[in-house]
Structures are given as structure tokens and as C-alpha cells.
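Please read it with the sequence and the structure open beside you.

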Amino acid sequence: MEKFSAMLEKKLLPLANKISGQKYIKAISYAFMSIIPFLTIGSLALVLISPPMDYTSLEPGFVCSFMKGWADLAAAVRIPVRAIYKVTMEYMSIFVAAGIANYLGKHYQMKGFTPTVAGVVGYLILAGVDIGSSTTVAYMGGTGLFAAIFASIVAVELLHFLTARKVGYISLEGNGVPEALTESFAMLIPVGLVLLTMGVIHWVIVLLTGSTFPELMTIIMTPLLNATNSIWGGIILVFLVMTFWWFGIHDTCITGPMKVFWTTALTANIAAYTAGTAITQLPYIILDPFWWFFVMIGGSGATFGLVLALLTACKSKQLKTVGKLGIVPAFFNINEPVIFGVPLMMNPLMYIPFVGAPLINCIITYICMATGLVGRAISYPGWNLFCPVAALLSTVDIKAMILVFILIVVDALIYLPFVKVLDKQKLAEEQQQEN
């Protein structure tokens, strides 16, 4: 085991670090992280104006009164709150294109706002015009994410290539000309070439396929998105992520690229829900809320249950202290104190529960959602919200909250026998040191 661990650390860790540090991966990751506040508020706006139950069909009582109050509040704030939802969720690809172009421009130390605008305009050329050259907003939301990523990267790369070689450079330096105007004229011809290139790409794709770029990407990516939405796709993903994490390779190396797929799936669920589809019949199950609120409860490894086991079953000073230090962060899905305090990484004894608890959570949750026992997600309140509450908000289904509480107990029971063995080892080590 030690030789195998050393081999993986030597071979995979440098590769994982290289991948996570790659300029495009970083730009995409930073762009998504930058817009989290807007996506969170937008998804919660939809929850606010979408009461999950019709109070007129309920028996008089607390639930009926609560749902009536929710419905009254939704009616009162529907216009402004729906506007927030519409702009933040149905135009998110514009924000992503701007974020990627901005961070990529900073990577190249390009001055001014031009790289950001070039990325957005390049994306709008590919996604904002239909095959008849009429403007469209059909692909401004999650379905346009791949177009946003492609267009912003191509636009900034081409702009950097041209400006670095001073292609078409127009100099207005000196003579008291403002720097902003100098930069604008210097990039006039390069920007024109960038936009012409994006226009040609749009024209060629329409000519060859009869579809726009986002439509083509939707056709290509749908099979892959469906594959990741299956129970076997979920099992494989959990196994890979947690095994890599155990060897010290951070989960974002895999879940980072999945963000694009999950965001696309979430917007499809939102669209279906607003069109009248029942919460249990939405098209996608595996997406951000599924992963963070039902599978990785308390953080990667589903360590909320582990913290409970540490607090209730340990006599070792080290493990009891880790449990005390880890309980408050666990409520917010922060588990570094537990990951490094137990420790979990490279610990052969803890590999099985570290991988097994999330796997069990994935299987149980998928079955519950696939059979309609629990609703599927229509919002993503944010990864650091207490999971039972976040599950309720993301699915507007009280059964989802109950399910997460049950899963926490299941996770604690999975970890418990391994914690007891580890506790004996730690206790013996501490007694030996005292003697």
C-alpha cells in the first residue's frame, strides 16, 4: 500500500497540480467563482416566488397558514424578484464569458477593459444571432455556457496574439492623449480582426450544419450530460473524486470541469419547473445541489457523520479535539480540520469509509429522486449552507431535508467502526507518550 501510495503521489499529484494550474482551467474556475453570489441570489429568487404547495388544497393548520403566507409574499414581490431571477439565471453565460475573458486578459497582463469586452462580444456573435441573422436570447443562459467558454478563450487568445506582435498597431502615444484613448486606438484593428474571425466561425458552422454554435454544442454534449446523470455515472464520479482526494489530489480537479455540465443541467431543471413540470419529474438529478447537499454532507467524504462519531465515540485526546474543532465548520461544509486532523488522507484505515459514505449517499439519494420519493433541485443556495436546510431550499421539498438528516446518521454509522479502531490506536500512542 505504501509503495502504491508513493507511486500515485509521484505520478498523479504533479499532473493534477499542472492541470489545476492550467491557464484556461484557472480562468474558467475563477469566472464561475466570481458569479456565485449572482447565481445563488438568482436561484433563491426563484424559490421565493415558487411556493412548493398549494395552500388551498391543504387542511387548516400550521402548514396551510405557512404556505398561504409564502404565496402572499410571492405575489407581493413577484415582479422585482422575478426580474432578479430572469437576469441572473437566464443571462449567466454573458457573465461567464466576461469573467473568463477578464481573468485570461489579466494572465497575459493586457491593459484595459478591451479583452473582457472582446470575449463578451465574441460570445454574442456565436450565441446571440440565429441562423437567419436575427438576434436571439435563447442561449444566454446555461445552454450557452460552452459557447461562452469557447468564444471568450478564442477572442482573448487571438487579441493577445495580434497585440503582442503589434499587428495593425495605431500609435497615439504622447501629445497629451489620454491613456484609455491610446489603448483603444492601438487595439482597433486587432479587435476588428477578432470580431471578423468570430463572425466567420458563426457563418461556417451555420453553413455546414444548419445550426448555430450553441445548438451544435447542445447536440454534441447531450449524450455526455445524460451519462453523468445516471446512477453509474454518479458512482464512478464519487469513487474517482474520493480516491484521488485520499491520495491528496483535491476534488476540484474533477468537480471543477463538471461545473459546466451541472450548471447546464440546473438551468434545464429551472426551465422545466417554471414551465409547470413537477419537482419530482425534472430532467436532471446529478448536479451541484445533489453533490454538495446530499452526497458530500459536511464536506468531501461526507464528514459531518464522521465529526459526530469523533465527538461521541472517542477517548483519544487527538480525535476528541479534532471533533470539537470540526463540528462548527462542518455545519458550513468546511472539513479541513477533520481531513488533516484525523488525518484522512493516506490513512489506509479510513479509506473505506472516506469513499464509502459518499457512495452510499449517492446511491440512496439517486434512488429517492429517480423514483419520485424526493424532489430534484431547482436552485443552488451555495455550497456552505447547512446541508439539510440547503436541501430544502434547493428542492422546495421537505422530504429532502428529512433525507439528509437520515443520511447523516447513516454516514456516522459507516464511520463509527473505523473510528473506534483508530481511537484505540491513538489512545495507545498517547498513553505510550505519557509513560
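1. A contact here means heavy atoms within 4.5 Å. On that basis, among contacts in the protein chain between residues at least 6 apart in sequence, 75% join residues at least 24 apart.

2. This is a predicted model, in which local features need pLDDT of at least 70 and side-chain atom pairs count only at pLDDT 80 or more, while totals for chains, interfaces and linings use all residues. Residues are numbered from 1 along each chain as its sequence is written, and side-chain values use heavy atoms, with hydrogens and water left out.

3. The protein chain holds 19 helices and zero strands, these being DSSP runs numbered from the N terminus (helices: H or I, at least four residues; strands: E, at least two). Of its 435 residues, 47% count as buried, where buried means under 20% relative accessible area, exposed over 50%, and partly exposed in between (1.4 Å probe, protein chains only).

4. The chain exposes about 20500 Å², of which carbon and sulfur atoms supply 70%; accessible areas come from the Shrake-Rupley method with a 1.4 Å probe, and for residues only the protein chains shown count as cover.

5. The largest nonpolar core has 124 residues, of which Phe290, Leu306, Val342 and Met350 touch the most other members, and its largest share, eleven residues, comes from helix H7 (residues 145–164). Such a core is a set of buried Ala, Val, Leu, Ile, Met, Phe, Trp, Tyr and Cys residues joined through side-chain atoms within 4.5 Å. Not counting residues up to four places away in sequence, Leu306 touches Val338, Val342, Leu344, Met350, Tyr415 and Val419.

6. Gly105 counts as buried because its relative accessible area is 3%, and its C-alpha atom is separated by 8.6 Å from that of Glu157, 52 residues apart along the chain.

7. A nonpolar surface patch of about 1100 Å² includes Val167, Phe185, Leu188 and Trp203. Helix H8 (179–186) and helix H9 (188–209) each supply at least two of the patch residues, with the largest share, nine residues, coming from H9.

8. His202 also lies in helix H9, yet His202 counts as buried because its relative accessibility is 14%. Leaving out residues up to four places away in sequence, His202 touches Ile125, Leu126, Val129, Asp130 and Thr212.

Technical notes. Patches are made of residues with over 30% relative accessible area and no salt bridge: like charges are joined within 9 Å, nonpolar side chains (Val, Leu, Ile, Met, Phe, Trp, Tyr) within 5 Å. A salt bridge is a side-chain nitrogen of Lys or Arg within 4 Å of a carboxyl oxygen of Asp or Glu.
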